[in-house]
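Okay, thanks for coming, everyone. Let me put the model up, and then I'll walk you through a few spots.

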Amino acid sequence: MSEEKGKQLFEQKIENEVKIEARDWMPDAYRKTLIRQISQHAHSEIVGMLPEGNWITRAPNLRRKLILVAKAQDEAGHGLYLYSAAETLGITRDEMFEQLHTGKAKYSSIFNYPTLTWADIGTIGWLVDGAAIMNQVMLCRTSYGPYARAMVKICKEESFHQRQGYESLLVLSKGTDAQKAMLQDAVDRWWWPSIMMFGPSDAESTNSEKSIEWKIKRQTNDELRQRFVDATVEQAEILGVTLPDPDLKWNEERGHYDFGEIDWEEFWNVVKGNGPCNKERLAARNKAWDEGAWVREAAMAHAEKKAKRKAA
């Protein structure tokens, strides 16, 4: 197929809401944008297991431990789906891991903050997974077929994560004064990083405009951020917590909540690798990769042995 014909068919599919599939012609920039976004998403799922992992052994009871183990297992599966989707675009999993482990590839800035108390785990479920759902539901309709199909299952499981986090915080909100103070402290620390999860403002985003045009994304960073704030305020009221933003107020004329200015200096500082836990997260991932080499080698040897037997 000529490039001109391929471009014409590609544009027709985008216009008519027909999914682009792995073997279809696509612009190089479309392919590169998807690889960047999907691999970053996959890395975020894998690195996102780390802030919660150290609380599995310290969960307050068996029920909470089982929920947290199940959540970590889900996140590992999400990473697998997404790496598989990215591989359909011509990049290998080893290449993606190498980009992550060397710091070349990014993951969500939110995972570079520490989990200091048990309330942080519930707050991550409520705010972080809540923000993720706001962004990811849109991706169920993304124009690239393998990505869209992976997101359907991921969103169902992320909904579970958000609900379990909020339920955990509801229990704390009805507990002792110390538990309520722990809850408020966690919300104070996680609110702004959660707002930052949607990425830079539309004026500063270099990728949003083209992603919207190609229907990779359906809404801009600022539109999604506003939806998240609007949805979260009433949930905070039920918990009895105060969101740490003195400028947060309902705007009758806009029909939305106004909120304060984001500390973009902090955001970019974390993105560039200078957050509270950036070095710790990359060190943990590299350590896991190095120590897991024998597992990968054994799996490959077993696969080769099985293939030889089948051929014989």
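This is a predicted model: local features need pLDDT of at least 70, side-chain atom pairs count only at pLDDT 80 or more; totals for chains, interfaces and linings use all residues.

When I say helix, I mean a DSSP run of H or I with at least four residues, numbered from the N terminus.

Residues are numbered from 1 along each chain as its sequence is written, and side-chain values use heavy atoms, with hydrogens and water left out.

Back to S211: is it buried or exposed? It counts as buried, because its relative accessibility is 2%. Buried here is under 20% relative accessible area, exposed is over 50%, and partly exposed is in between, with a 1.4 Å probe and protein chains only. Leaving out residues up to four places away in sequence, S211 touches T33, I216 and K217; contact means heavy atoms within 4.5 Å.

Next, α12, residues 278-291. Its 14 residues reach 20 Å from first C-alpha to last, close to the 20 Å expected at 1.5 Å a residue; that expected span is 1.5 Å times one less than the number of residues. N278, R281 and R285 are buried in α12. Looking down the axis, the buried residues fall within an arc of 75 degrees, so they line one face of the helix; the arc is taken from the directions from the helix axis to the C-beta atoms. What do they pack against? That would be α2 (28-47), α3 (49-53), α5 (93-101) and α11 (264-274). On the other side of α12, K279 and D290 are exposed.

Now over to α6 (residues 118-139), where you'll find V128. V128 is buried too, with a relative accessible area of 2%. Skipping residues up to four places away in sequence, V128 touches I110, F111, T123, W190, S194 and M197. V128 and Q226 are 98 residues apart in sequence, and their C-alphas are 15 Å apart in space.

Last stop, the largest nonpolar core, with 66 residues, of which Y30, I38, W126 and Y144 touch the most other members. By nonpolar core I mean a set of buried Ala, Val, Leu, Ile, Met, Phe, Trp, Tyr and Cys residues joined through side-chain atoms within 4.5 Å. α6 gives the most to this core, with 9 residues. Apart from it lies another core of 5 residues, including W55 and W118.

Notes
Helices (H or I, at least four residues) and strands (E, at least two) are DSSP runs, numbered from the N terminus.
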